[in-house]
Amino acid sequence: MAWIWMLMAAGAVLLWAVSLGRVLSSSSPACLPANSTFLSPPRGDRMSRNVLLVLAHPDDESMFFAPTILFLKSKGHSIHILCLSQGNADGLGNIRKEELYLACVTLKIPAEQVKVLDHSELQDGFHKNWDHGLIAELTLAQSQLWNIDTIVTFDSRGVSGHPNHCDVHHGICKLLRDNGQGHIEAWELVSLNIFRKYSGPVDIWLSSTLSSSSKQPTYTLVNNSPSRSFEAMASHKSQWVWFRRLFVLFSSYTYINVLQKI
């Protein structure tokens, strides 16, 4: 029986290596399907988009959205971040806020394009319910200030299941409903089941297949430089404990993002 387990382990290592090779094979961040028109130029004479990444806490950008950020930057789009809380559940809000700005240096997002809120009704916590109307109102105000045409955020399951993440999604949906979407296009980061979430680069095979066959506009963004995700996450020193290091190593969100249109 031992040889069977050894064979399975060798197969798993080989699959990981082949999958990582596919991730790293591109000279720049890639989008699958390859012939997609994902985030084509907006109307008018502008060739790039103003994209707003709406987060719940500092480190969300590095832990979950790094492939999206790196892909969009490679295509010349302007990235803005609206973080709806300082992540002050453990009293480290001011530290975590500064860590977000440091991570954005690694991700090449200018500090003037990053906004971190500390609203009394939007405090970090598993048992804190965030008002969807307030999220919509604050996001709309920031979108108008930055002339945003594209929003990227969590889906209804919040990737990790954190209720603050889920509330952000519902707040963005309310914004779109109340404003008839207008000129803003919105995309959500698809939550993966636990087996896919911790399969690292291996999930690229299934994600790319599902993106090609999905009826909803769905795209897989491939991070050809996972080390940038590690470097960005390492800026969050207050959060960079051993289990988060393992998460970033084995999380498929380090290597790929699957985005679906809201």
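In this predicted model, strands β6 (residues 185–189) and β8 (residues 256–261) pair in the antiparallel sense over three bridges. Strands pair if DSSP finds at least two bridges between them. Strands here are DSSP runs of E with at least two residues, helices are runs of H or I with at least four, and both are numbered from the N terminus. Within this pair, W187 stands opposite K261 in β8. Residues are numbered from 1 along each chain as its sequence is written. Local features need pLDDT of at least 70, side-chain atom pairs count only at pLDDT 80 or more, totals for chains, interfaces and linings use all residues, and side-chain values use heavy atoms, with hydrogens and water left out.

The two strands belong to an open sheet of eight strands, in the order β1-β7-β8-β6-β5-β2-β3-β4, with mixed pairing. β1 (30–32) and β4 (114–116) stand at the edges with a single partner strand each, so one side of each is left without a neighbour in the sheet. From one strand to the next, the twist averages 25°. Helix α4 (residues 93–106) packs on the sheet and touches β3 (78–83) and β4. The direction of α4 makes about 165° with that of β4. Axes are lines fitted to C-alpha atoms, for helices over the stretch in contact, and angles run from 0 to 180 degrees between N-to-C directions.

The largest nonpolar core has 59 residues. Such a core is a set of buried Ala, Val, Leu, Ile, Met, Phe, Trp, Tyr and Cys residues joined through side-chain atoms within 4.5 Å. Buried means under 20% relative accessible area, with a 1.4 Å probe and protein chains only. Strand β2 (residues 50–55) gives the largest share of this core, five residues. F65 is among the residues with the most contacts inside the core. Its contacts (heavy atoms within 4.5 Å) include L53, L55, V152, F154 and L189, not counting residues up to four places away in sequence.

Helices α1 (residues 2–24) and α9 (residues 204–213) pack at about 55°, with their axes 10 Å apart. From α1, the contact involves L15, V18, S19, R22 and V23; from α9, it involves I204, W205 and S208.

S235 is found in the loop between α10 (226–234) and α11 (242–250). S235 is buried, with a relative accessible area of 13%. S235 and L100 are 135 residues apart in sequence, yet 7.5 Å apart in space, C-alpha to C-alpha. S235 also touches E99, L102, A103 and T106, not counting residues up to four places away in sequence.

Definitions and conventions. Buried < 20%, exposed > 50% of the residue type's maximum accessible area, 1.4 Å probe, protein only.
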